[in-house]
Amino acid sequence: MKTKAAILWGRDQPWSVEEIELDPPKAGEVLVRMVASGMCHSDEHLVTGDLAGATPEPPLIGGHEGAGVVMEVGDGVFSVVPGDHVVFGFVPACGRCPSCAEGHSNLCDLGGATATGWQISDGTARHHAKGQDIALGIGALGTFALHTVVHEASCIKIDNDVPLDRACLLGCGVVTGWGSAVYAAEVKPGDTVAVVGVGGIGANAVQGAKLAGARVVAAIDPVEFKREKAMEFGATHTHASIDEAIAALPDTTWGRGFDKVIMTMGVGNGDALGQAFWLGGKRSRIVVTNIHPVSEASIAIPAIFLTVYEKQLVGSLFGSGNPRKDIPKLLELYSQGLLDLDGLVTKTYSLDQINEGYDDMRNGKNIRGVLKYD
Ligand SMILES: NC(=O)c1ccc[n+]([C@@H]2O[C@H](COP(=O)([O-])OP(=O)(O)OC[C@H]3O[C@@H](n4cnc5c(N)ncnc54)[C@H](O)[C@@H]3O)[C@@H](O)[C@H]2O)c1
Ligand SMILES: [Zn+2]
Ligand SMILES: [Zn+2]
């Protein structure tokens, strides 16, 4: 079939919205009519090359935070049927590999296959444009498109009454941010928490920390609008920089340092991480959720404090959550008023407006911009 998609033809180029040819789903695959897709910063790393080597080279179709309606399923697909509403987990969850069996399906063995950009099932392309195969960006999903074909392991069925332009955010930003606080940082009642960077991920780390019972949630972002929004999501303090937050430690943590520090800046960098290491107190946990450029080979931290303060430095993918458990669970929290999804969507755009949406992200105008397709 013919459909429309946003293609990145080369590094540092704008997304090009054009007609593509989409093959039917093969065994284990699902054809989905997309309804909405969030514009996560991770797709920007594909444009800049920060993820070079870990993601497919252009040309590729971007987008990994999507939701839609199943149109057709390939042979052997049993978990969804046409008409089902689905959110894509940006990490697949096969349910059978050791990581999935251990309850860490954010690290599903199928995840590695998505790095090629071709279909997980057989390593070939379903998407074509200008006579050539087109790869899919993060997660082998291609949500910047009106239709796509993905592996069944990426599809999480949700209730049909949840608005898909909100549900799409559960495919990456919400679970990643919320889980960075609740699962990776293990925020406990009474903890003091710092969140560094208030975008689609950091706003949800603030929400997760708040719901987990943190008594102090300090949100750090150079953009004033982000700091104002952070207060709406539950922050108790805001600072314009890590330095400012360090200076305020006597006020926010009685000079002890934060129990948990969560890194959710647009682009991770070693200098900022080394600086943020000073935000943590004794037995603190510093969670690295933001993506550092693949080319950054080393970082400098005062490692002595790993020992004498028992500080912990941990990474987190998809908030250390499980798509099949956490996507429906967090949608329940939304329907009960315990999680704000509406406030995350600063602005919606049509697929044709995708470059405007990413400009707004770069300029700090959005918590999340969302592409809506109908
Ligand atoms: N680990 C994962 O599973 C996972 C999943 C999704 C996204 N990510 C990564 O998380 C990061 C955040 O993504 P996002 O979509 O929220 O990005 P975003 O661009 O929406 O937000 C980033 C925020 O960081 C702020 N910022 C920039 N420099 C800062 C600094 N020095 N100090 C404090 N704040 C600063 C920006 O003003 C912005 O508000 C990205 O690196 C993204 O690739 C990781
Ligand atoms: Zn993302
Ligand atoms: Zn698995």
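**Close-up 1. Ile201 and its contacts in the predicted model.** Ile201 touches Gly173, Thr176, Gly177, Thr264 and Thr289, not counting residues up to four places away in sequence; two residues are in contact if their C-beta atoms, placed from the backbone, lie within 7 Å. Ile201 has its place in helix H6, where helices (H or I, at least four residues) and strands (E, at least two) are DSSP runs numbered from the N terminus. With 31 other C-beta atoms within 10 Å, Ile201 is buried. A residue is buried if 20 or more other C-beta atoms lie within 10 Å of its own, exposed if 12 or fewer, and partly exposed in between, with C-beta atoms placed from the backbone. Cys40 is 161 residues from Ile201 along the chain, and the C-alpha atoms of the two are separated by 8.5 Å. This is a predicted model, in which local features need pLDDT of at least 70 and side-chain atom pairs count only at pLDDT 80 or more, while totals for chains, interfaces and linings use all residues. Residues are numbered from 1 along each chain as its sequence is written, and chains are lettered from A and ligands numbered from 1 in the order in which they are written.

**Close-up 2. The buried face of helix H7.** In helix H7 (residues 224-233), the buried residues are Lys226, Lys229, Ala230 and Phe233. Seen down the axis of H7, these fall within an arc of 110° and so line one face of the helix; the arc is that of the directions from the helix axis to the C-beta atoms. Their cover includes helix H6 (200-211), strand E13 (216-220) and strand E14 (237-239). After H7 comes Gly234, with a positive phi near 120°.

**Close-up 3. The packing of H6 with H7.** The axes of H6 and H7 come within 9 Å and cross at roughly 30° (axes are lines fitted to C-alpha atoms, for helices over the stretch in contact, and angles run from 0 to 180 degrees between N-to-C directions). H6 is therefore roughly parallel to H7, a term for angles under 35 degrees. Ala203, Val206 and Gln207 of H6 make the contact with Lys229, Ala230 and Phe233 of H7.

**Close-up 4. Val294 in a loop.** Val294 lies in the loop between strand E16 (280-288) and helix H11 (304-308). This residue is partly exposed, with 14 other C-beta atoms within 10 Å. Leaving aside neighbours within four places in sequence, Val294 is in contact with Asp50, Leu51, Ala52, Gly53 and Ala54.

Definitions and conventions: Parallel < 35°, antiparallel > 145°, perpendicular 65-115°, else oblique.
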